[in-house]
Amino acid sequence: DSSLWRRAERNRINMAFKGEDHLDSLSFPVQRMHLIQVDSVQRWMEDLKLMTDCECMCILQSKPISLEKDEQNELILSSQYSTCDNLQLLLKRAWIISTELTRIAQKLEKNRWQRVHSMTVRVNCHVHSMINEYNTFSRSSSEEMHQLEKLLIDKCSEFTAFTERCLQTEDEEILKSMKSCVNETLTTVAQYFGQLIELVLTQEAQSLLRQIELSGSLYSTESAVSGLFSLAQEGAHLCRIIAREGGVVALFKICRQDCFRCLYPQTLRTLASICCVEEGMHQLEKVDGILCLADILTDTSHSEATHAEAAAVIAQITSPHLTFTQHLSSFLENMEEIVTALVKLCQEASSGEVFLLASAALANITFFDTMACEILLQLNATKILLAACSDKGIVDTPYSRDQVVTILANMSVLDQCASEIIQGNGVQLLMEMLFEKSSSGNAAEAAACERVQQKSAVTLARLSRDPEVAEAAVKLSCIPRLIKLCRSPTERNNSDSVLVACLAALRRLAVMSPDGLEDSDFQQLVKPRLVDSFLLCTNMEESFV
């Protein structure tokens, strides 16, 4: 190590003497120097600059400064208190390596051997650093892990040496024959790297789940659940790993023990994250997770936070965007209890966030099964939801209004719903929703506003088969607003789905009240086929400059 350090230091001094700052190369390999007169010594120094980067990084980033045993132990122990932070560092490093490997393949395709070699050196550095960093904070490492680490390091070294030889070859035919070998080596490096990351993440998940299984301590269990939640936030692949290793089973086990009641909200939040993948859903079904959620929602002794997080799990597993909810047969058995509890949660919600989670679950359930709409009617849910919308402290965002109007749109297929809407002044609310606009300019909020406009128009179209609703809509000047939404792309944020819904609602209202339209509106927006009116309105967006 000391000899390597001396070599790196000597290289740094030589570069400084030439007027160049070599400190940047400790993080990133620098470009080869362009020299007017290239002699053998200068060429050697140029090559050495690239070849020693890996050594510099390994020494400066991965080796303890002190050789004292106690101080080295202090270094390791001090990093263990923030395992989640260390794992984040590992994942960032893995992302960098993955990106670099992709870029190497692109440069290789263009035969840019200089860039290929420098990027290969950089990957080599990152791989060494990643492995050393992980071994510093990891509590245990398996034999399989050590074997994979050795395979990856050896293959990276071989890859670097291979690209260096390519750099020294100028014969095009030889380079062409070597290119396939380089490609093959790159594929092997990527394969070993993927296997190593998969094993690291699996071992981390196993370690946290073992901590839950063996610990009766509240603090230790909370720490492990928090770690699982952090892992689950890293994406669907990690959620699959956690589910595969029994994460859903372990978390529901916590939710069935009264001694961990204070951990229920955090545990349920983690479950909601994991159940975005099919493996999580299958595990939930196996452990009667629906029954457990129903028990939590109907148990009045639980806190509002616990009920809200249980609602979030329900919202997740009934999401209409998921294609693997058909196997939730037990949900139908408990649906009436769940819907009743969710309506009560909407009614008693103390904050906008609680209402959003409960209403989102209800909205998804109305897609999941039509029987839910009938249950909602029996529970006077329309009246409760419309009352909540008048409270700006509860329904305070386009996201919440999106959930409410989704429920109303799905309920509006029932004939009995029209009278409920009129009694609760729902037509006025739907009219107001046609004016929904994003105040922040945020893309997600703008999309939510589009959904609110679209679904309010759909609901009006469905409800307007009832003459009483149509008459109320006409009196509230819905027709002029629908016309403006059709004719002005900016009013609907250039949304085609809003346009189609508004055309459908306008045509339904025009049947009930033909006098409410000018002749040009009737000729262009009502009389033609829907597709022709749609094309006419979308052509208004074109600019012939």
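Is alanine 457 buried or exposed, and what is its relative accessible area? Alanine 457 is buried, with a relative accessible area of 0%, where buried means under 20% relative accessible area, exposed means over 50%, and partly exposed lies in between, using a 1.4 Å probe and protein chains only. I will come back to that residue, but let me begin with the model as a whole.

What we have here is a predicted model, in which local features need a pLDDT of at least 70 and side-chain atom pairs count only at pLDDT 80 or more, while totals for chains, interfaces and linings use all residues. Residues are numbered from 1 along each chain as its sequence is written, and side-chain values use heavy atoms, with hydrogens and water left out.

The pLDDT, which is the predictor's confidence in each residue on a scale from 0 to 100, averages 82 over the chain, and 83% of the residues score at least 70. Over residues 1-38, however, pLDDT stays under 50, and the model has 54 contacts for that stretch beyond four places in sequence, a contact being heavy atoms within 4.5 Å. Residues 52-81 also have a pLDDT below 50, and that stretch has 46 contacts in the model beyond near neighbours in sequence.

Turning to the overall architecture, the secondary structure comes to 28 helices and zero strands; these are DSSP runs numbered from the N terminus, with helices being H or I of at least four residues and strands being E of at least two. The chain has 545 residues, of which 50% count as buried. Among contacts between residues at least 6 apart in sequence, 73% join residues at least 24 apart.

The largest nonpolar core has 159 residues, and Ile314 and Ile317 are those with the most contacts inside it; by a nonpolar core I mean a set of buried Ala, Val, Leu, Ile, Met, Phe, Trp, Tyr and Cys residues joined through side-chain atoms within 4.5 Å. Helix H8, residues 172-214, gives the most to this core, with 16 residues.

Helix H12, residues 264-274, and helix H15, residues 304-317, pack at an angle of about 10 degrees with their axes 8 Å apart. That makes H12 roughly parallel to H15, given that angles under 35 degrees count as roughly parallel, over 145 as roughly antiparallel, 65 to 115 as roughly perpendicular and the rest as oblique. The axes are lines fitted to C-alpha atoms, for helices over the stretch in contact, and the angles run from 0 to 180 degrees between N-to-C directions. On the H12 side the contact includes Tyr264, Pro265 and Leu268, and on the H15 side it includes Ala305, Thr306 and Glu309.

Now to the region around H10 and H11. The buried residues of helix H10, residues 236-244, are Leu238, Cys239, Ile241, Ile242 and Ala243, and just after H10 glycine 246 takes a positive phi of about 95 degrees. Glycine 247 is found in helix H11, residues 247-254, and is buried, with a relative accessible area of 0%. Leaving aside neighbours within four places in sequence, glycine 247 is in contact with Leu209 and Ile242. Alanine 250 also lies in H11 and is buried, with a relative accessible area of 11%; its contacts, again leaving aside neighbours within four places in sequence, are with Leu209 and Ile212.

Which side chain does asparagine 124 meet in a polar contact? Asparagine 124 sits in helix H6, residues 113-137, and is buried, with a relative accessible area of 7%. Its side chain makes a polar contact with the side chain of threonine 160 at 2.9 Å, a polar contact being a pair of N or O atoms within 3.5 Å where, within protein, one must be able to donate a hydrogen and the other to accept it, and where residues adjacent in sequence count only if both atoms are side-chain atoms.

Two backbone angles deserve a mention. Most residues other than glycine have a negative phi. Asparagine 425, in the loop between helix H21 (417-423) and helix H22 (426-433), has a positive phi of about 60 degrees although it is not a glycine. Serine 477, in the loop between helix H24 (467-475) and helix H25 (478-487), has a positive phi of about 65 degrees and is partly exposed, with a relative accessible area of 38%.

Finally, back to alanine 457, whose place is in helix H23, residues 443-463. Not counting residues up to four places away in sequence, alanine 457 touches Leu434, Ala501, Cys502 and Ala505. Alanine 457 and alanine 501 are 44 residues apart in sequence and 5.5 Å apart in space, C-alpha to C-alpha.
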